[in-house]
Amino acid sequence: MTARFTRRPSAAPLRPVAIGAIAVAGALLLTACGDQTESAAPAGDKSSTSEAPLFDKLPEEIQKKGVIEVGTNAEYAPMEFMDGGKIVGVDPDLAEALSKQLGVEFKFTSGSFDGLITSLNSGRYDIAMSSITDNKARQEGLDDKGKKLGEGVDFVDYFVAGTAVYVKKGNPEGVKSLEDLCGKTAAVQRGTTYEDALKAQSKKCKDDGKKAIEIESFENDTEAQTRVKSGGAVAGVNDYPVALELARKADNGNAFEIVGEQYDAGPFGIAVDKDNTQLRDALKEAVDAIIADGSYKKVLEKWGAESGAIDAAAVNSGK
């Protein structure tokens with residue numbers, strides 16, 4: 001889900017923003033749903049894992065088990081999505097590149113986006129990597145009203161993305177921007193930063209004497225897309241790279257189009273428990289290493305996601 005730099009989910013994953021957008025409000029801190037599927041980014045031959053450049057930087061527990069458990073929500077092509085029963089996309093491929101630096105396997109498990117941080121804090125996952133927008137609210141465990149809901153997380157930022165508005169092909173309502181949604185119906189995934197963006201715009205509509213946006217929030221992004229495609233909602237809001245992929249490929253490019261430019265660009269981050277600073281720092285070094293050796297660039301080029309590239313990893317750079 002708004003990298004959430006913007007899946008964005010919000011104060012929580014621009015799924016805008018996930019890059020953020022890499023994604024997302026305090027809803028991320030809600031109860032996790034059951035896992036849907038699993039996939040792994042292999043580290044290679046077990047006999048050589050200890051020879052990986054950054055293996056010794058990892059916590060001893062992860063060195064021993066040889067696996068980093070990754071929570072994701074595989075519904076955000078091209079960032080992470082299901083293909084033939086396997087989780088594929090930008091994030092799994094970046095994880096595979098990271099595994100070569102760290103010498104351990106990254107095992108992806110797909111579940112509810114708004115439960116990722118809760119599951120991370122409970123120890124179910126070692127990290128969450130799902131186009132999650134890094135912002136202060138998620139770092140501090142706050143909801144969109146500033147209420148403390150959880151422990152919060154640290155982020156290793158690896159991508160930048162903004163929010164985008166997409167509409168049915170042909171743009172029958174003539175929408176040009178988020179501001180044009182006053183008095184109209186918009187569809188979005190629950191718990192994302194772009195849901196927060198819609199709420200903020202709806203308030204602005206009312207403050208300006210216009211009708212509020214009728215926001216329809218869904219458990220998953222596929223439902224939101226279907227609502228727009230059917231005409232039940234005038235527009236949907238998503239991370240820019242995800243919206244771009246929809247416009248390019250849904251129904252062979254005949255289902256949706258993007259209106260306007262991406263906005264509120266922010267970082268997508270790999271979420272790590274605040275107590276696990278050793279893992280956080282090892283991941284930061286690994287991201288810097290794959291940027292330096294060129295494998296990072298190759299992954300983004302493979303998926304057409306070059307617009308979200310960064311020059312260096314950062315910790316908690318989201319605002």
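Predicted model: local features only at pLDDT ≥ 70, side-chain atom pairs only at ≥ 80, totals over all residues.
Start with strand β12, which covers residues 256-273. Strand β8, made of residues 153-168, pairs with β12 through 13 bridges, and the pairing is antiparallel. One point to find in this pairing is V160, whose bridge partner in β12 is P267. Strand β7, residues 127-128, is also joined to β12, here by two bridges, and these strands again run antiparallel. In that pairing, I127 lies opposite V272 of β12.

A separate place to look is an open sheet of three strands. Its order is β3-β4-β5, and the pairing is antiparallel. The edge strands are β3 (75-76) and β5 (86-88), each of which pairs on one side only. Strand β4, residues 80-83, is held to β5 by three bridges. Within this pair, M82 faces I87 of β5.

Next come two helices. Two packed helices are described by the angle between their axes and by the distance between those axes. For helix α2 (residues 90-102) and helix α8 (residues 277-293), the axes come within 9 Å and cross at roughly 105°. Angles of 65 to 115 degrees count as roughly perpendicular, and therefore α2 and α8 are roughly perpendicular to each other. On the α2 side, the contact is made by L94, A97, L98, Q101 and L102. On the α8 side, the residues are A282, L283, A286, V287, A289, I290 and D293. By type, the residues of this contact are ten nonpolar, one polar and one charged.

Empty space can also be located in a model. Rolling a probe the size of a water molecule over the atoms shows where such space is left. The largest cavity here holds about 40 Å³. Its lining consists of P78, P241, L244, E245, R248, W303, G304, A305 and S307. Sorted by type, the lining has five nonpolar, two polar and two charged residues.

Most residues other than glycine have a negative phi, and most peptide bonds are trans. The bond between A77 and P78, however, is a cis peptide bond, with omega about 10°. P78 sits in the loop between β3 and β4. The other backbone detail is at N252, a residue other than glycine with a positive phi, near 55°. N252 belongs to the loop between α7 (240-249) and β12, the strand with which this account began.

Definitions and conventions: Residues numbered from 1 in each chain as written. Heavy atoms only, no water. Pairing = 2+ DSSP bridges. Helix = DSSP H or I, 4+ residues; strand = E, 2+ residues; numbered from the N terminus. Axes fitted to C-alpha atoms, helices over the stretch in contact; angles between N-to-C directions. Parallel < 35°, antiparallel > 145°, perpendicular 65-115°, else oblique. Contact = heavy atoms within 4.5 Å. Nonpolar A, V, L, I, M, F, W, Y, C, P; charged D, E, K, R; others polar. 1 Å grid on protein atoms, 1.4 Å probe; cavity = no way out; pocket = protein on both sides within 12 Å on 5 of 7 lines; lining within 4 Å. Points joined across faces, edges and corners; volume = space filled by probe spheres on them.
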